[in-house]
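Please read it alongside the sequence and the coordinates.

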Amino acid sequence: MNIIEVKNLTKKFGKFTAVDAISFDVAKGEIFGFLGPNGAGKTTTINMLATLLPPTAGEAFINNFSVTRDLDEVRRSIGMVFQDPSLDDKLTAEENLRFHARLYGVPLSEYEKRMEEVLKLVDLFERRKEVVKHFSGGMKRRLEIARGLIHYPAVLFLDEPTLGLDPQTRAGLWDYILKLKREKQMTIFMTTHYMNEAEYCDRIGIIDKGKIVALDTPANLKRALGGDIVVVHGSKSVELEKELKKLKIKFIKENESFLIKTHEGETFLPKLLKKLKTSIDRVEMHEPTLDDVFLHLTGRAIRETEASEKEMMKAGARGRRFH
Amino acid sequence: MKFLITIYTIWQRELIRYWRDKTRIISTFIQPLMFLAIFGLGLQSTLAAGNFGVDYLKFMYPGILAMSVMGVAFFSTISTVWDREFGFLKEILVAPVSRSAIAFGKTLGATTIASIQALLLLVLAPLIGVNLNFTVVIELFGIMLLLSLAISGLGLLIASLMRTTESFGLLMQLLIFPLFFLSGAFFPLTNVPVWMEWISKANPLSYGVDALRQIMLAGEVPAQVLSKLSVFNIPVDVMFLVGFALVMIVAAVAAFRKKA
């Protein structure tokens, strides 16, 4: 059963098309992610699905309700965690939750029980009477997740859920999100531009410039690249480029690096190094990452800055099991 | 029912926020006190010597009450722009609730806070030498409620049209200060240049001040003197305030639904 169905959803701001006739479905119980660089159209899409922005064209159904016609029913079916914090800093955690519960029509008799349930889920039950102003960024995000759940929505929307959080907090937050999926079979729709975060998803839609350029499981997307990625770095990049072209080796150039797709990196690499006459500074080989997938599809990289990206990949690879 | 619960929830949040912000509560008391102390006491002797006819402090007091109502009502609704800028408004807008209910909740919240604040300022009456009895207090409270409603509506209307808090400074200068000072709180509007008369006649605060002053000073000051200082009679004041409040609230709800 599909919790979300999107058909040719489009959003234009004047002449600019932010979201260009995208279509996809999200099945019950899956974690579905939109992966793409900043400005790709992720937040615009999620805002349309959450009825905060009317679509220019196309349709979308959440829980079988239309986002253009059945606004209140759609809203009741969604738990939304925004990219920017949206808690009331002057209220306590409890008060924030009660406010939400009332607006969403949670029965009065259920308040206490549900508040305890969601707060315990994110380990904030002890801090429920504290004013939110004193919470850390990670705690606030956890409270927002708890808040998004209190009315038992059909799907949880997470717009860049770990943006602005340090790597440890990010990992911790994902523990809670995955717990939700395991224990509550929660359907989750999220957007991110962090590749290692996208690895947690059951399926990913890669979005660039308002269009979906690929849609599949992370494993399949990487497998589609067919093999390993060999990266060659050289300061003599002009000559390097000429030589690679002469050798009829296909590559994608990124600054001073040349990314080469190959079936068996271990055997290809020594052959390449023997053949190359131009001197190179560095060579590395790795299994394809989602960034490689994105690069291959669009010719550009998702990464923000190289340094922080490496940090995140280290944090991601060290202890986390990927789904 | 859902409509009322929404109004109540939004209303309650406004009150909790007000109550938690102790600095704000204190400062909204300090401003009227400062005006009374500085202008009131400062001009008291000078004006007593002339043909003003009434103790300046007593003259100013109702005006200061009205000013306090305006300040609090405005600030409470303008804070919607803060909500927008700091994200909480999104949380309200993504909820399955009526936009009109949200607008009413905010307006009523601001009205409640402004009225109670002004009511509390009445404790100064004995210090100023004004005698109050129960009926007078009720009548005064009625005017305060009306004025709060009117200003809250205006505030919400403006807040719905404002995108950021940056324009707030300009708003203070161009709107709030003129409304404050051309309301009859500081000097009678019965003998002023024509342009001032026109502005003050469009200013809801003038009607509030006018009504409050007439109710409060009815027993304190000779009727002739009082009528020379007053612009309209009380029923006219009340009618204007009711009309203004209705128009503002309707416009505010409409703007909120469209813009938010």
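Helix α1 of chain A, which spans residues 42-49, is mostly covered, since 7 of its 8 residues count as buried. The buried positions in α1(A) are Lys42(A), Thr44(A), Thr45(A), Ile46(A), Asn47(A), Met48(A) and Leu49(A). As this is a predicted model, local features are described where pLDDT is at least 70, whereas totals for chains, interfaces and linings use all residues. After α1(A) comes Thr51(A), a residue with a positive phi near 65°.

Val74(A) itself belongs to helix α2 of chain A, residues 71-77. Is Val74(A) buried or exposed? Val74(A) is buried, because 24 other C-beta atoms lie within 10 Å, and the cut-off for that class is 20 or more. Between Val74(A) and Glu95(A), which are 21 residues apart in sequence, the C-alpha to C-alpha separation in space is 24 Å.

Helix α5 (residues 137-149) and helix α6 (residues 167-184) of chain A pack at an angle of about 20°, and their axes are 10 Å apart. That angle makes α5(A) roughly parallel to α6(A), and the crossing of the two helices is right-handed. From α5(A), the residues Gly137(A), Gly138(A), Arg141(A), Arg142(A) and Ile145(A) meet Thr169(A), Gly172(A), Leu173(A) and Tyr176(A) of α6(A). By class, the residues of this contact of α5(A) with α6(A) divide into 3 nonpolar, 4 polar and 2 charged.

Leaving aside residues up to four places away in sequence, Gly138(A) touches Leu165(A), Thr169(A), Gly172(A) and Leu173(A). The C-alpha atoms of Gly138(A) and Thr169(A) are separated by 6.0 Å, although these residues are 31 residues apart along the chain. Gly138(A) is partly exposed, because the count of other C-beta atoms within 10 Å is 18, a value that lies between the limit of 12 or fewer for exposed residues and that of 20 or more for buried ones.

Further along chain A there is an open sheet of 4 strands, in the order β12-β13-β11-β14, with antiparallel pairing. Strands β12 (252-254) and β14 of chain A stand at the edges, and each has a single partner strand, so one side of each is left without a neighbour in the sheet. From one strand to the next the twist averages 20°. The pairings made by strand β11 of chain A (residues 228-233) are set out below.

| Partner of β11(A) | Residues of partner | Sense | Bridges |
|---|---|---|---|
| β13(A) | 257-262 | antiparallel | 6 |
| β14(A) | 282-286 | antiparallel | 5 |

Individual positions show how these strands are set against one another. On the side of β13(A), Asp228(A) stands opposite Thr262(A). On the side of β14(A), Val230(A) stands opposite Met285(A), while His233(A) stands opposite Arg282(A).

Helix α11 of chain A, residues 290-298, lies across β11, β12 and β13 of chain A and runs at about 110° to β12(A). Within α11(A), the buried residues are Leu290(A), Asp292(A), Val293(A), Phe294(A) and Leu295(A). The helix α11(A) is followed by Gly299(A), whose phi is positive and near 80°.

The last topic is the contact between the chains, to which chain B gives 18 residues and chain A gives 19 residues. On the side of chain B that touches chain A, the elements that give two or more residues are α1 (2-20) and α4 (88-93) of chain B. The largest share of that side, 8 residues, comes from α1(B). Sorted by class, the side of chain B that touches chain A has 8 nonpolar, 3 polar and 7 charged residues.

Notes: Residues numbered from 1 in each chain as written. Chains lettered and ligands numbered in written order. Predicted model: local features only at pLDDT ≥ 70, side-chain atom pairs only at ≥ 80, totals over all residues. Pairing = 2+ DSSP bridges. Axes fitted to C-alpha atoms, helices over the stretch in contact; angles between N-to-C directions. Contact = placed C-beta atoms within 7 Å. Nonpolar A, V, L, I, M, F, W, Y, C, P; charged D, E, K, R; others polar. Parallel < 35°, antiparallel > 145°, perpendicular 65-115°, else oblique. Left-handed = near helix turned anticlockwise from the far one by under 90°.
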